[in-house]
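Have the structure open as you read.

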Amino acid sequence: MERISVDRLRRYVVAHQGYATRRRKGTAREVLETVRRLSCVQLDSISTVERSHRIVLSSRVGNYPRATVSRLLGKGQLIEYWAHEACLLPVEDWPLFRVRMAEREVHHWFGPVIEGDPKLAERVLGEIRDRGPLGSRDFEGKGGGGMWNYKPAKRMLEALWTAGRLVVAGRDGFQRLYELPERVIPPALLEQPPPSEAEWLRGLTLRAVRARGALTEFGVKEHYRLRGGAARLRPHVEALIAEGRLRRLEVDDGGAPVLVPADAALETEPSGAVLLSPFDNLLWDRDFARRVLGFDHLIEVYKPQPERVYGYYVLPLLRGDRIVGRADLKSDRNTGTLRVQAFHRETGVRRSAALDDALDRALARLAWPLGLDTIAR
């Protein structure tokens, strides 16, 4: 088996993410291609600094027009669906995810919502059929005599979307606008049959490894939150290796081998400095981040303030191929200011002018797509 050092693996994995090293403007086409390259981009509602998907995408393509993602959803070029979590995905993956849609006809959180109230399901679908894309607020009851009870209708929208009977056709602010699939998804994709178990798992494995550059089998499972553990994937991984589509590499730290694309160019050298969303794809597999990046990733937004170590919304600072610190940030939109509430250097990282310069450059690059003119440190 081919062997790779942890240092070489780290440089390759970081460079593979394609972070932009200078301030630049991005286009809708670049956003679409970046989602395709990453396989999926996680969505999150917290906006203390900015929505996570915008931080993730702008760290790679630069300052792209704010309405881009909503327009790509409406044009049927991107979809939202459950991948790592709720994510943006390329529309070409719609047929592949019909397996998960069928699995989640009974909603994975709310239970048999559709089966439990088929009349409400049909009324919701009928409203959208008649009126076009609607958000959850369009189903709010009007006082005690309203047609809709907000909470059941909102859950029904979520359940119908999860089952593939609705799609997200855009956003009003951060609220989803739901539409019928046949009005958004290209017919050629809608007409494809669902994949077999082998096609589903091999398709996801290839996408995950190509997106991340290198993953263990456990990392592939985590990328898409697959059930059944690595054992479920193993025969499909072996088939992809036998077909010459993946390679397995031994790592010199003695840990689990990693999978890489068959044509992976492993000699890469990342450069520049960038602040990462706490939900950036690079950080999804925390064990892998600890092993390869030497970084113990913590997300503390759900902790009470006294229990937080680094802060509420903390962005890791990546410099070259190393995470060198963590910045607790907040966007003050009223004054157009990005506020640095704290910066914590990683263990073994010394204070220096070069580190300060890297942080300043990363802050400036982050602030620009956020529409913030001032940085307060």
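Keep in mind that the model is predicted.

**The three-stranded sheet**

Start with an open sheet of 3 strands, ordered E2-E4-E3 and paired antiparallel. Strand E2 (41–42) and strand E3 (78–82) stand at the edges with a single partner strand each, so one side of each has no neighbour in the sheet. As background, strands in a sheet pair through backbone hydrogen bonds, and they can do that either parallel or antiparallel.

The pairing of E2 with strand E4 (residues 86–90) is antiparallel and consists of 2 bridges. Lying across E2, E3 and E4 is helix H2 (residues 28–38), which runs at about 110° to E4.

**Cavities and pockets**

How many cavities of 30 Å³ or more turn up in a search of the whole structure? The search gives 5.

| Space | Volume | Lining residues by class |
|---|---|---|
| Largest cavity | about 70 Å³ | 6 nonpolar, 2 polar, 1 charged |
| Second largest cavity | about 60 Å³ | 8 nonpolar, 1 polar, 1 charged |
| Largest pocket | about 510 Å³ | 9 nonpolar, 4 polar, 8 charged |
| Second largest pocket | about 320 Å³ | 6 nonpolar, 3 polar, 6 charged |

Which elements supply at least two residues each to the lining of the largest cavity? They are helix H3 (52–61), strand E9 (273–275) and helix H14 (353–370). H14 gives the most, with 4 residues. The lining includes Ile55, Ser58 and Ser59, along with Val274, Leu275 and Arg365.

Around the second largest cavity, the lining residues include Leu298, Ile299, Glu300 and Val301, plus Tyr310, Tyr312 and Tyr313. Pro278 and Gly311 are also among them.

Now for the open spaces. The largest pocket has a volume of about 510 Å³. It is lined by 21 residues, and those closest to its centre are Trp82, Trp109, Lys154, Glu158 and Arg176. Helix H8 (150–162) and strand E6 (175–179) each bring at least two residues to this lining, and H8 has the largest share, at 6 residues.

The second largest pocket holds about 320 Å³ of space. Of its 15 lining residues, His53, Arg66, Arg171, Gly173 and Phe174 are the closest to its centre. H3 and helix H4 (68–74) each contribute at least two residues to the lining of this pocket. That brings H3 up again, as H3 also supplies at least two residues to the lining of the largest cavity.

**A hairpin and a crossover**

Further along, strand E11 (residues 322–332) pairs antiparallel with strand E12 (residues 337–345) over 8 bridges. Arg326 stands opposite His344 in E12. The hairpin of E11 and E12 has 4 residues between its strands, and Gly336 takes a positive phi near 65° there.

Which way do E12 and strand E13 (residues 374–376) run, parallel or antiparallel? They run parallel, joined by 3 bridges. Together, E12, H14 and E13 form a right-handed β-α-β unit. The helix of that unit, H14, is also the one that gives the most to the lining of the largest cavity.

Methods. Residues are numbered from 1 along each chain as its sequence is written. This is a predicted model: local features need pLDDT of at least 70, side-chain atom pairs count only at pLDDT 80 or more; totals for chains, interfaces and linings use all residues. Side-chain values use heavy atoms; hydrogens and water are left out. Two strands pair if DSSP finds at least two bridges between them. Contact means heavy atoms within 4.5 Å. Axes are lines fitted to C-alpha atoms, for helices over the stretch in contact, and angles run from 0 to 180 degrees between N-to-C directions. On a 1 Å grid over the protein atoms alone, a cavity is a set of points where a 1.4 Å probe fits but cannot get out, and a pocket is an open set with protein on both sides within 12 Å along at least five of seven lines; lining residues have an atom within 4 Å of a point. Grid points are joined across faces, edges and corners, and a volume is the space filled by probe spheres set on the points. Ala, Val, Leu, Ile, Met, Phe, Trp, Tyr, Cys and Pro count as nonpolar, Asp, Glu, Lys and Arg as charged, and the others, Gly among them, as polar. A crossover is right-handed if, with the strands pointing away from the viewer, the path from the first strand over the helix to the second runs clockwise.
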